Structures are given as C-alpha cells and as structure tokens.
Amino acid sequence: MAQWIHMSQMIQCLPHETVNNLYPPSAFPIEVRHFLAEWIENQRWDDFALEKVEQESQARALLDQTISLLQSIAQENANVVDRMKLMQISRNMAMFQQQPLQFGVMVRDILRKERVLISTPAQMPDPPQFPSMQDVDHLVLNVLDVQEIRQKMHQLQEELNWERQNYEGLQGPIQQNGLDPTNSEVQRLQNHIQQLEYNVKEMATKRFQLLKKCVDCLDQCQTRLISRLKAWRWEQHKATIGHPFDDNLNPLQTWCEQLLGVNGKLRQELMLIGEPIPELQDRLRQLLQVLIQSSLVVEKQPPQVIKTQSKFSTTVRYLLGEKVAPGKPVVLKAQIINELQARNLGSVPGDNVGELINNTAILEHNTSSKSTCATFRNMSIKKIKRADRKGSESVTEEKFALLFSTEITITGCDTPYRIQMISLPVVVIVHGSQDNNALATIIWDCAFSEPDRVPFVVPERVPWRMMYSTLNSKFTAEVQTNHNLDQYNQHFLAQKIFDKPDFADDFSNIMVSWAQFNKEVLPGRPFTFWQWFEGVMDLTKKHLKTYWSQGLIFGFIGKQHLHLILKDRPNGTFLLRFSDSEIGGITIAYVSASENGGQKIQNIQPFTKRDLEIRSLGDRIRDISHITHLYPEYPKHEVFKGFYSEPQASPIGGYIPVSLQTKVGTEPGSATLAAASMQPLTDGFPRHQFQQQFSPQESITQDIMETASSPDFSPNPAAVFSETIPTDNNMDILDTILNLNPSPKLFLDIE
C-alpha cells in the first residue's frame, strides 16, 4: 500500500484534470484505488498485454475479485453515500467482463504512471523555463523598433539642423533692415524648430526606454537559455541511470546564436547614441561574457569509469562556433582534476593530479551538421595521483573530472575570452576488477546528486523509494526493456539490502546508506548488494532479455514468499527467479511430490552466464520433465516453445551426432560423483565406464538442488520455510552419458 500512501499525498497538488486522466471516473474511479489500495498493489499487473490472449482468464479473475471486494466494502460501509457509490462503481466495472484484458492493462498503466509521478519530483529538478522561438523573435522585433527610432531621430535631427540654418539665415536681414522679428515667417520657423526639438527629445527618451527594455528582455531570455543548458547537462547526467535524454543541441545552438546577434546589435545602438550609458553598456558586456563562456558543452561525455593506459574518446561542442573569429585555429586542451580542484575552477589550478596523453584537439566546423566540435579520439590517462583517503574510503570512491579549456575570440569582439567546461565525474581505475565498484560510485552520484551542487557532493543516505526508482530505471535501461520491476521485486530487494527478510511493512521512507549499497557485504555472502544486483542485470541483458520482457521471469523474490505463492499449486508448477545466493544466476523453483505423499518446493541450482552460453534457458526448461506449468497455470511448451532450439542437422563426414540435455537429479544431498558411461551399440560391443573430476570454474556444481525441506502442505501449513543448502562440500559434477545409438545424446546429469 506504500505506493498509494505517496500518491494520496501527491494528488492534493495535482491539477484536477491530471487526476481525472489518471483515474478515469467512468472506468476506474479514484475510489477504487483508495479502498482497494493494498490488494491492488499485491497483485501482478505488469505482465498484462493486450496481445497476450492467454492471460484473459487471469485478468477476468482479477476483475471478478475487484468487483467482489468493492461490493463487500460497500456492504460494510456505514456511510450511505459511500455505500451507494461503491455499489454503482462495481456495477459499472462489469462492462469489462467482455474484455477483461483491457481492465488488466488499464490498471497496469495506472500503477506505472503513479510510479513515474512518485519518482520524478525526487529525481529531477523543476523543468526550467527556456526561451522559445517566439521569445527571441519578440526580442528581435524590439531591436528593429530601436533601429527604426534611431533612423527617424536621424531624419528629425537633419530636418532640425536645416530649419536652424534657415532661421539663422533670416536673423541677418532682420537685424540689418530693422524688420519685425515677430513676422509670420520667423514665427513659423521658431515654432517648427521647437516642435522638432521636442520630437527629437521624446524619441530619445523612447529610444532609451526601448533599449533598456531590450536589455532586460535579453537578460531574461539568456537566463532561461542558460537554465536550459544546465538542464540539458543534468538530463545527460541522469541518462547514466536510464532516464530519457534528448541529446539534440541544435535548438540551443540556434538560440545562442540569436542572442549573440541581439547583443551585438544592442551594443551597436548604444555606441550610435553618442553619449555613454554605462549601466546598459556594462550589462551587455557582462551578458556577452556569460553567453560566450556558457556555450561550451561536453556533447559526448568520456566514460565515467576510465582505466589507466586505455584509450577513450570524448567530444566538446561550441554552440557559437560559427561566430568564432577566423584566423588562428582554436585548440582545446584537456586536463584531469580532482574534487577539490573542481570546486575552485575560478582560482589558479593546483598541482597536476594526472597525466593525459593526446589531450589536445582543434575546434573544427562541420558545414553539413552546422556544428563546431573538438573530438579527442585517442585520449588516455597515463598516470593518476590520488588524494589522501579518509577512513575506509577506497580508490573506487574517489571522483575526478576532465577540464576542457581554451581561449577564443568572437567576431565583433575585440578581446579574447577564456572558456572552460568540466565533464561529469569519472572514477579512475587501474584494473578491470575495480570496474564494478567504480560503477557503483557513478550510479550513486548520478542518482542522488542535486542540481548545481558543490562538486561532487552526494548524500550518504537516501530514502529507499529513491533507491528503488534508481534500480528500476537502471535495470530497464540496461536490459533495454519496458518491463519494470514490480512490487514483489521491490519488496524483496528492500528485504535484502536492509537484511530484514521477515519485515512485511513499507520500506519506502527507510534510509539506505552508501555502505549498505556497495561497501558492506550482504550477510552470509562474499559480495555487496550492488555487485549482486549488477550481476543479475548483466545476466538478464545478455541471456534473458526476451524472457524478462515477456513477463516469463518472476525475478526478485524471497524463498519465504515463494513458498507462500506456490504452496497451493499442483505438482510441476514452476517459476523463474533470480538467485539470491550467487552473483548472476537464475533458478527454477517448482512444486514436487514429497516422500510421504505431500508436496515440497525445490530450487534447481542457479544457471549462470556460462551455463546459458552452453545451453539456453528455453532448452533447459524443455529438458526438465519435472516442470510442466509456468506459474500460475501456463503449459510450459506453449509459453516457451518460441525459445526452443531447432534440431541440429546431421553432421557431415559420417560422424554420429551428439546433443546436450539438462537432467535434474532426484536424490537431493547426494555427494558421490556420478559416472558417465559409454553404452554399447549392440550386445557384442564392449562396455566402457569412466569417471572424471571437473574444476569448479568449468562445470556445474554438485549441489544443484536447493531443496525446500518445509513440512508437507496441510490445511494450515507452517509459516517457516526451512531449506537445507550444503555449504562444505562444493564438488563439481558433470555426468556425461554418451549412448552409441543412431541418435545419441550427451546429458548434463545434475544431481
């Protein structure tokens, strides 16, 4: 019910239209979400898809339960109004009886949208307002008005000068001939001159006001533009953990160029006034400097985990590239800086903390893409100087950055400008074994840093809801799937990281620390939470993407929860879950008959990447006769037939074909090495038997069955799910049976 608790608080701040769109009053009113919150969140909705017609019975069952629960709550409700409303809602929901899958997909989408709304405020800054084309166009029109006023003032001034000359020409004859100075011609000239002087003064005032308005507008547009540039960099940062990111810089480049043009025209207008206006001139000069220095962008970031002596590339783009003064080429230089230096970019750089190779690149303009970039194609860190570490801090927790800098001159500007930009934080390693821990540092930094932070400060603890949102985003992005981790997965992950396997309440606001994420090993395991999670993610990405995307893998689930959901299932029912005892493994949990006629749940030893490279998961499922129906009741051959390999063609050259097949042992706890035998083709052939020991790295371990030795099922089964997992004798067995017959098969006999 944790998700609804957060949503109910957030709804108060959402527009009425947004709430109605999220909970359609005619289909799934908000009352349904409120009264059935806990039940809804405990069901599996993420698997539903309109094209999966085989899920119709499951969707119908959930629809029927929804209607039944609403009716029960209505009957128990003392409020007559609520009772009548709930009964009406339950009757309205009967419209989904003909298309129950639509109901399942609708609830799935509602829960997904809720998760997005819950995670977004904590993960992303408020979307900054940025200049639209209309804003800049309006500013350009105002500048044209300034130019038009200047031209009119020039014409009026010329006319005024002419009339003054005429007036002075009349002054001589009047004085010589004693004419009346108040005659009509002289009076007309005086009046005209006064009117012209008044008009010129009014236009000058209007011109100044319009110039000030243009500078104010330019300031506002540029402030919003720079906010948008910062947001672009922030979104680029968040892309590391799977957030969506539009890397198109062309619109921002257009705005930069337009604002530079406006700045130049306004500076020109101020110079044409003749009288200095220090206030506006200083503001324009400052705006110009900020724009020129803010237009340097790291378009393609370097890898955020960099191994010394390894090549990498990065691209820096200058958004005012077309305005760079021709002549001397612009050379960008890269240097590596530590966290302290990143905090003091305005001061003189301190000691060199690392040596870079191929750390210069020329800023080059591409006429086809209209971009101006410097690409460092073969950069490398030759050596690195590390800071003194605090306490238990490891080298993979130390963050650096690349600083790109150059001196640039813009057309129309007399003085060159020093510009610089730093990359996202990077972790420098010296050995591939450090890669996983270094990536954990980067994930934590990307997920939980704040906009405009002091480099590279991150909180030491964050709420679990933020951590789960990060894990889900990273998992779906890395695996390249739209199938999210569900509530079962979330709860088990929380139980694991907090070491609270019996905790059934909401974890959302419990704080999880960096140490729990990737410094402290999990209880009873030789690895950290992140190392284990990353191993599952890598396995899914390389071997299980389609299985996961189609909802065939239950995923992260504890053995106690597993026992509860499988206990009433018929023998042969199975589900696929990620192993919690080793890195990067998937196991099959299934219901089987116990020795005394009851039932027990057994877990086949996890299949790792190495196992699935030898034989796919689909083929292994086909091989194992003990399992017949994927939970809750899907025949395995219907669900997995698309993953079965085609029979191999007969080998050429007269060889006898062989094939691999998975065999699950039925004698749990056996520690003897099984023998592989050569079966005779006929009784006249000799019989050969042999045994062979295999190394742990190259074979399948003996204790393939993690047997759930819980009591037989009864009307009141025990709540404790006990399990015997051998820990001492980790012998590796590969039982190979080669039958010499027209179609022999090589079995992996797993005992």
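Does R108 count as buried or exposed, and at what relative accessibility? At 13% relative accessibility, R108 counts as buried, where buried means under 20% relative accessible area, exposed over 50% and partly exposed in between, with a 1.4 Å probe and protein chains only. The structure is a predicted model, in which local features need pLDDT of at least 70 and side-chain atom pairs count only at pLDDT 80 or more, while totals for chains, interfaces and linings use all residues. Residues are numbered from 1 along each chain as its sequence is written, and side-chain values use heavy atoms, with hydrogens and water left out.

Salt bridges were counted wherever a side-chain nitrogen of Lys or Arg lies within 4 Å of a carboxyl oxygen of Asp or Glu. The count by this rule is 34. R108 takes part in one of them, with D109 as its partner and 2.9 Å between the closest N and O atoms. D109 is partly exposed, its relative accessible area being 26%.

A salt bridge also joins D452 to K230, with the closest N and O atoms 4.0 Å apart. D452 lies in the loop between helix 13 (435-448) and strand 12 (461-463), and K230 in helix 9 (residues 184-238), so this pair ties together parts that are 222 residues apart in sequence. Helices (H or I, at least four residues) and strands (E, at least two) are DSSP runs numbered from the N terminus. D452 is exposed, at a relative accessible area of 67%, and K230 is partly exposed, at 44%. Elsewhere, K212, D216, D219 and R283 are linked in a network of salt bridges.

The side chains of R115 and D46 form a further salt bridge, at 3.2 Å from N to O. R115 belongs to helix 7 (residues 100-123) and D46 to the loop between helix 4 (37-41) and helix 5 (56-76), so the pair ties together parts that are 69 residues apart in sequence. Both residues are buried.

A cavity is a set of points on a 1 Å grid over the protein atoms alone where a 1.4 Å probe fits but cannot get out, and lining residues have an atom within 4 Å of a point. The structure holds 1 cavity of 30 Å³ or more. The largest cavity has a volume of about 70 Å³, a volume being the space filled by probe spheres set on the points, which are joined across faces, edges and corners. Helix 4 and helix 7 each supply at least two of the lining residues.

Definitions and conventions: On a 1 Å grid over the protein atoms alone, a cavity is a set of points where a 1.4 Å probe fits but cannot get out, and a pocket is an open set with protein on both sides within 12 Å along at least five of seven lines; lining residues have an atom within 4 Å of a point.
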